[in-house]
Amino acid sequence: MNIHGKNNFRMGTIGEHLVEFTVLLPTGLEIICGPKKNRDLFYAMIGGMGMLGVFTTITLQMKKVYSGLLKVRAWNVHDLPTHLREIESGAPQHDYLVGWLDATARGRGTGRGQLHAADYLHEGEDPDPVRTVQVAYQTLPSKFFGLVPKSLLHYFMAPFMNNPGTWAVNTAKYLAGSFSRTYRQSHAAFHFLLDYVPDWELSYGRTGLVQYQSFIPKENALVAWNEMLTLSHRRGLPSYLGVTKRHRPDEFLLSHAVDGFSLALDFKVTPGNRVRLAQMFQDFDRIVLEAGGRFYFAKNSETRPDTAVRFLGEETVARFQAFKKRCDPSNLLQSDLYRRVFGE
């Protein structure tokens, strides 16, 4: 799926770190691909949903780090214009940057939240790097504050998973972050914050949640996301968690990348709102497409074939279908995602 992280603006997607790979095609042919060897298949396979062949070997370019810790700075942003402006200006100065967006806020507070910037420690800054890079150190603790088993926390979170409850929790989080602070944090804790609570998704209830993520060019993001957030409040369907990132373009065929930002919004699903959510997501799609935006197939569970054609372009879709016919002429590799996005 060509995943991205909180450093996409600097390091790109995981595909940009592949030196080469070997792919076994459904035809039985085994091919070695790289940025300069079988280049067309290289850029189609990465992000290709696994529909062209099976990766049998992958060679990755790694990065040397001198500590299992990151230096993190957190600070509040008061509205959506400030949120986007500080992500754009802050990204070049840090190794990682991610934003929490309080999607329950409205009016003048629309888009308020908190930014977290992180940087690698240089050689010699960590007094005990041998310990901090160990897997045991990076493993998230099983107890909250050393007392409460984290496996129980989702039960305590569940009563707040409603519109008033989430607004109260988000407001408290925002007020608690009123002052900028700097601290050190393990790589795992910074990158996988939600996993501090095992089975956190169970707090949403038996019908779970759905995430809607859009990628919009920087010049259009403010207007588009303001319209989406306002619409969600008007429909009585606010997102309970919003995450923002800065992105850069790439060369992959089925790319979700833009020179802009991404916004991931988590929505609680209930028997009573499922249909209304689906309708709202179609309205979101219209807003994103009109803003020149894109979608990430690993996150969006409602993208339709006509939507995919509009943001990828007819030529790109035709090229991918040609690769599919060439690499998998019997159409052996299929998935619900592939059928939904590209048709039966």
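In which crossing, left-handed or right-handed, does H9 pass H10? The crossing is right-handed, a crossing being right-handed if the near helix is turned clockwise from the far one by less than a right angle, and left-handed if anticlockwise. The structure is a predicted model, in which local features need pLDDT of at least 70 and side-chain atom pairs count only at pLDDT 80 or more, while totals for chains, interfaces and linings use all residues. Residues are numbered from 1 along each chain as its sequence is written, and side-chain values use heavy atoms, with hydrogens and water left out.

The secondary structure of the chain consists of 13 helices and 13 strands; helices (H or I, at least four residues) and strands (E, at least two) are DSSP runs, numbered from the N terminus. The chain has a radius of gyration of 21 Å, close to the 20 Å given by the globule rule for 344 residues, so it is as compact as a globular protein of that length. The radius of gyration is taken over C-alpha atoms, and the globule rule is 2.2 Å times the number of residues to the power 0.38. The C-alpha trace spans about 55 × 55 × 40 Å along its principal axes. Of the 344 residues, 49% count as buried, where buried means under 20% relative accessible area, exposed over 50%, and partly exposed in between (1.4 Å probe, protein chains only). Among contacts in the chain with a separation of 6 or more, 75% are accounted for by residues 24 or more positions apart; contact means heavy atoms within 4.5 Å.

Helix H9 (residues 221-234) packs with helix H3 (residues 80-90) at an angle of about 140°, the axes being 10 Å apart. Axes are lines fitted to C-alpha atoms, for helices over the stretch in contact, and angles run from 0 to 180 degrees between N-to-C directions. H3 and H9 are therefore oblique to each other: angles under 35 degrees count as roughly parallel, over 145 as roughly antiparallel, 65 to 115 as roughly perpendicular and the rest as oblique. H3 passes H9 in a right-handed crossing. On the H3 side the contact is made by Leu80, Pro81 and Leu84, and on the H9 side by Ala221, Leu222, Trp225 and Asn226. The contact of H3 with H9 comprises six nonpolar residues, one polar residue and no charged residues. In this classification Ala, Val, Leu, Ile, Met, Phe, Trp, Tyr, Cys and Pro count as nonpolar, Asp, Glu, Lys and Arg as charged, and the others, Gly among them, as polar.

H9 also packs with helix H10 (residues 274-290), their axes coming within 10 Å and crossing at roughly 165°. H9 is therefore roughly antiparallel to H10. Ala224, Glu227, Met228, Leu231 and Ser232 of H9 form this contact with Met280, Asp283, Phe284, Arg286, Ile287 and Val288 of H10. By class, seven of these residues are nonpolar, one is polar and three are charged.

Helices H11 (residues 305-312) and H12 (residues 314-327) pack at about 110°, with their axes 6 Å apart, and are therefore roughly perpendicular to each other. Ala308, Val309 and Leu312 in H11 meet Glu314, Thr316 and Val317 in H12. Four nonpolar residues, one polar and one charged make up the contact of H11 with H12.

Most residues other than glycine have a negative phi. Asn2, which is not a glycine, has a positive phi of about 60°. Asn2 lies in the segment before H1 and is buried, with a relative accessible area of 6%. A positive phi, near 55°, is also found for Asp199, placed in the loop between helix H8 (187-191) and strand E10 (209-217). At 43% relative accessibility, Asp199 counts as partly exposed.

Asn7 is likewise located in the segment before helix H1 (8-11) and counts as buried at 12% relative accessibility. Residues up to four places away in sequence not counted, Asn7 touches Gly12, Asp95 and Tyr96. In strand E1 (residues 18-24), Thr22 is buried, with a relative accessible area of 11%. Apart from its neighbours within four places in sequence, Thr22 is in contact with Glu30, Ile31, Ile32, Val54, Phe55, Thr56 and Thr57. Between Thr22 and Ala278, 256 residues apart in sequence, the C-alpha to C-alpha distance is 39 Å.
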